[in-house]
Amino acid sequence: MALDFTFTEEQEFFRQMVRDAVNRLIMPRVKELDEKEEFPWDLWKEFAALGYLGLRHEEKYGGMGIDTITQMIFYEELARGSCGFSMSATMQILMGTYFIARFGNENIKQRILVPAIKGEKIGTICFTEDQSGSDLAGTRTLATKVDGGWRINGRKQWITNGPIADFATVMATIDPKMGLKGLNFYLVERKTADRDGFVSGQRLHKLGSRCSVTGELVMDNTFIPDENFLGEEIGKGVQYAGEILNEVRVMTGMNALAIAKEAMEDARQYANNRVAFGNPISKYQLIREKFAKFWAWYEASRTFLYKCAWMIQNKIPCINECMLAKYHSTEMCMYAVEECMRIYGGNAFCSEYPVQRFWRDAKFLLYGGGTHEVLCDYLGRIYCKE
Amino acid sequence: MDIYVLVKQVPDPEANVKVKSDVELEIENKYFTNFFDEIAIEAGLKLREKFGGKVTVLTVDNKKVDALRRGIAMGADDAIQITDPALEGSDPFAIAKTLAAYLKDKPFDLILAGRQAMDDDAGIVGPGVAELLGIPHVNMIVGLEIDDPKKELKVVREVEGGKEILSCFLPALFTCQKGLNNPRIPQVMNVMKAMKAQMKKVDLAALGLSAVDVGGQAVKIKVQKYLPPPKRPPVKMIKEDFPENVKQLVKLLKEEAKVI
C-alpha cells in the first residue's frame, strides 16, 4: 500500500482556501488586469496581507515554512486567476527571495526578506541577457572583486518584476571564459541617492501575462558590499541554481495545468451552448475528440507534476523527471489552448471572449524554466546515453 | 461576549448532483462552507473585536469538518463537531434539537447562523434552536447594532420596499443575510492553524440524547421523491426569411415559451 495518490484532508482544505481567495480577489479583475498591462499595486497589497508571499520561508522571518506539495497546490490554484499576477507572485515567493533566504546574513534577511514577505519590497532574479538565457554559460554580466565588495557591469533582460523591483539576485560571471564555473549570485538593490545599485532599462510589452511587468536591469560599474555575495564559495552559482530549478519547473508546470484547465472549462461551456447545424457543437465527434485528448493529457500531466513535487519533498533526485514533467505539461497546455481557439471558431479571434487570453498567456510557459528545444536536446541525450 | 456560530458544509454549486433514487441524491464530492454561515462567522468576529470574548463554531456532521476549519481560518477561537452514527438521516428539526441540547448549558450571549443552508434551503435550524432554547430570534438580519451587550440592541431586516428595525436583549439568536458584512478572506497563518486544528467531538450520549430523538426515526419531514430539473428542450431553427422569421420568433416567444 505504498502508492497513494490522495491529498490529505488538510491539503484539500488549503486548496479550497487558496481557490476561494483567488475567486474573490483576482477572478473578477482578470480581464482588466490583462487590458491595463500595469502592475496591480492594490491587488498586490491585498494579496500580500493574506501572507501567501512567505509560504516557503522560515516562520521567524514571517513565513510559513510550508511543504513542497502544498506549495504546488498553491501555485496551481493561483494560476487559475491571472497568469501575469501569478508570475509576479511566484517570482517573489520562490526565485526572487530563495538565495536571500539561503545565503543572506541576518542584516540582509531583516532588511530585504522580511519586507519582501510582507510585500513591501519587490524582488526578482536575473539570468537572461541578450545572448544568454537557457545557455547560462554565455552569461557576460561581469563581477569584479574590489576592496570591500564587488563591481558589477552588465545588462539583464526579460526580468519579471524588473521595472518595479527593489532588489535582485543577479547571476554574473567572474570571467566569461570560465563558462559555468565562473558564475555566482549577487544581491543588487535599486540605485538610490545614497546607495549604488541597478537602474531600470527598457520595459517590454508582452503578448501575454501582461500585468506582470517585465524589463531590463542595467548595472554600470555598480558597487555592492561583500555581504551581498550570495554563496559559500566562488564558482558554485550553477550548482546553487540547480537547487531551485526542480521547483521552478514543477511550478511552471502548475501554471500550465491551471491555464489549460481554465481554458478547457471555458470551451466546454461554449461547446455545450454554441449551436451549429441544429446541435450544440459538443455533439460533434471532432469537437469531442479535442476534449478527450485534452482530458487524457491533462490527467497524465497533473499526476506526473505531483509525483515530482512528492519527489522534491522527499529529497529524491528528480532533475530529469522535473524537466520531463515541465515539458509534458506545457506541451499539453499548448495543445489545450490551440484546440480551444478552434472550438471557439471565429470568436476566438476577438477580445470579447477569454480564450485568446489563455492562448497568449500560455505561450510564455514554453520559455520559462528552459526552452523546450534546450530541454529536449538534453533529455534526448540522456535517454540515448550519448 | 460568548458567541456561538452554527455552520454547515454544503455541496459546491459547481458539484454534479444526480437523482440516484426516489429518496436519494448522488452528490459529487465538492463541498464548501455555506456562504450565509460565513457572514455569521464574520459578524461574530466583528463583535469579538469590539467587546472581546470568544467565538465558537459549531456543526452537526459525521464526516465533513471543513466549515469548522474555515471558522478557525477566519479567526474563531474554538470548533465543536457534534457527531454520532445515529444522526444519519436527521431532518432540520432533529439537527436543531441536537444543537439546542449542546447549547442549553453553555453560558452564551449570542448565537449566530446563516439565513439558510444553500443545499436544502430549509432555513429551519436557526429559528428551531432559538425556540428550543426559549430565546428571542430574528431571521435574515442585514444590520446589527450593539453598543452594550447588557442593554437593548437593534437589528435590521430588509422588508418589501424598505427596512425593519427591531430590538431585543441578549441572549438571542440571529440568522444572517447577505449585506450584513463582507466575510474576510482568511490569512494563510490562520489557514495553517485551521489545517492542524483538532476539532472537539461531542456525541449524542454527552448531550443526553439517544437514537430515537434524532436520525431517521425522529424525522418530521420525509422526502417523498426527488425529481431532476426538466431537460432543456431541443433548439428550434426558424427557416423563414426576414421579416417572416421575426414574426415567427415573436409568435413562438408568446405562445410556446410564454416569456413575452
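A residue is buried if 20 or more other C-beta atoms, placed from the backbone, lie within 10 Å of its own C-beta, exposed if 12 or fewer do, and partly exposed in between. Helices (H or I, at least four residues) and strands (E, at least two) are DSSP runs, numbered from the N terminus.

The model is predicted: local features need pLDDT of at least 70, side-chain atom pairs count only at pLDDT 80 or more, and totals for chains, interfaces and linings use all residues. Residues are numbered from 1 along each chain as its sequence is written, while chains are lettered from A and ligands numbered from 1 in the order in which they are written.

**Exercise 1.** Which way do the residues of strand S1 (residues 123-126) of chain A point?

*Solution.* Step one: Gly123(A) and Ile125(A) point one way. Step two: Thr124(A) and Cys126(A) point the other way. Step three: all are buried.

**Exercise 2.** How many bridges join S1(A) to strand S4 (residues 167-173) of chain A?

*Solution.* Two strands pair if DSSP finds at least two bridges between them. Here there are four, and the strands run parallel. In S4(A), Ala168(A) is the bridge partner of Thr124(A).

**Exercise 3.** Which strands stand at the edges of the open sheet in chain B?

*Solution.* Start with the order: S11-S10-S9-S12-S8-S1-S6-S7-S13, nine strands with mixed pairing. S11 (162-168) and S13 (200-202) of chain B each have a single partner strand, so one side of each lacks a neighbour in the sheet. Now take S10 (residues 153-159) of chain B: S10(B) pairs with S11(B) in the antiparallel sense over seven bridges. Leu166(B) in S11(B) is the bridge partner of Val155(B).
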